[in-house]
Amino acid sequence: MGLQALFFYIFAFVAVASAFMVISARNPVHSVLFLILVFFNAAGLFLLMGAEFLAMILLVVYVGAVAVLFLFVVMMLDIDFSELRAGILEYAPIGALIGIILAAELIVVIGGSVISPTIAKSVAMPIPALTTRTNTAALGDVLYTNYVYFFEIAGLVLLVAMIGAIVLTLQHRTHVKRQNIPQQVARTPATAVEVVKVKPGQGV
């Protein structure tokens, strides 16, 4: 067994074991930490396949942002997880259905490669050899040439979604005084000064 196969089995075993601990750990903080360990081992598997771009994206985006955000939310919010888990059996049929669909997709993908080993050669834009082109450069060539418009549309959709989320969650508090610069600049002496005539013996 070669060194690459040894590392593959190590990363795969730790990733599967950590994924099982994510759903079986009683402490939600421990679940998030095991999730981070899953991401690290998945990144190792990507490196073994020569997909260094996906490995770095997995570490930077998911470990550096998503998983850390989950960890901070779980640690800062006082959530009663026992109450949330009380009705978990109600969603078991939906979870089982999603699991069956994912298993069927994996069987189709793996079965297709087993039944027809030459199916990978029929791809219109196959991945070049690592000796001629790196994975990151090959992905950039495809993404920013053939699919550049789809990439821009996806970015526009995400921008609209972000603006919509901000608009829906933005609440203006009426009891807070806010500075209105145009109104202040447009003031005139007639509106800025009020002359009050006080009669003798009366207060203001």
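User: What should helix α3 span at 1.5 Å a residue, and how far apart are its end C-alpha atoms?
Analyst: This is a predicted model. Helix α3 covers residues 52-76, which is 25 residues. At 1.5 Å a residue it should span 36 Å. Its end C-alpha atoms are 34 Å apart, so the two values agree.

User: Where does α3 bend?
Analyst: At tyrosine 62. The bend there is about 35 degrees.

User: Which residues of α3 are buried?
Analyst: Ala55, Leu58, Val63, Ala67, Leu71 and Val74.

User: Zooming out. How many helices and strands does the protein have?
Analyst: It has 9 helices and 0 strands. Along the sequence, the pattern reads α-α-α-α-α-α-α-α-α.

User: And what share of the protein is buried?
Analyst: Buried residues account for 12% of the 204 residues.

User: Where does UniProt place the "transmembrane region" feature?
Analyst: The unreviewed UniProt entry puts it at residues 6-25, 32-51, 57-79, 91-115 and 147-170.

User: What does the model show over residues 6-25?
Analyst: That span is 95% helix and 0% strand. Its end C-alpha atoms lie 28 Å apart.

User: And residues 32-51?
Analyst: There the chain is 85% helix and 0% strand. The end C-alpha atoms are 25 Å apart.

User: Let's take phenylalanine 13. Which helix is it in, and is it buried or exposed?
Analyst: Phenylalanine 13 sits in helix α1, residues 3-24. It counts as exposed because its relative accessibility is 62%, and the cut-off for exposed is over 50%.

User: How far is phenylalanine 13 from asparagine 41?
Analyst: They are 28 residues apart in sequence. In space, the C-alpha to C-alpha distance is 9.1 Å.

User: What about phenylalanine 34?
Analyst: Phenylalanine 34 is in helix α2, residues 28-48. Its relative accessibility is 25%, so it counts as partly exposed. Valine 22 is 12 residues away from phenylalanine 34 in sequence and 5.6 Å away in space, C-alpha to C-alpha.

User: Switching to the surface. Which residues make the nonpolar patch of about 770 Å²?
Analyst: Leu156, Leu159, Val160, Met162, Ile163, Ile166, Val167 and Leu170.

User: Where does leucine 170 lie?
Analyst: In the loop between α7 (148-169) and α8 (181-185). Leucine 170 is exposed, with a relative accessible area of 52%.

How values were computed
Residues numbered from 1 in each chain as written. Predicted model: local features only at pLDDT ≥ 70, side-chain atom pairs only at ≥ 80, totals over all residues. Heavy atoms only, no water. Helix = DSSP H or I, 4+ residues; strand = E, 2+ residues; numbered from the N terminus. Expected span 1.5 Å × (residues − 1). Bend = angle between axes of the 7 residues up to and from the residue. Buried < 20%, exposed > 50% of the residue type's maximum accessible area, 1.4 Å probe, protein only. UniProt positions renumbered as here; feature names shortened; annotations may be inferred. Patch = residues over 30% accessible without salt bridge, like charges linked within 9 Å, V, L, I, M, F, W, Y side chains within 5 Å. Areas by Shrake-Rupley, 256 points an atom, 1.4 Å probe, with all protein chains shown as cover. Salt bridge = Lys/Arg side-chain N within 4 Å of Asp/Glu carboxyl O.
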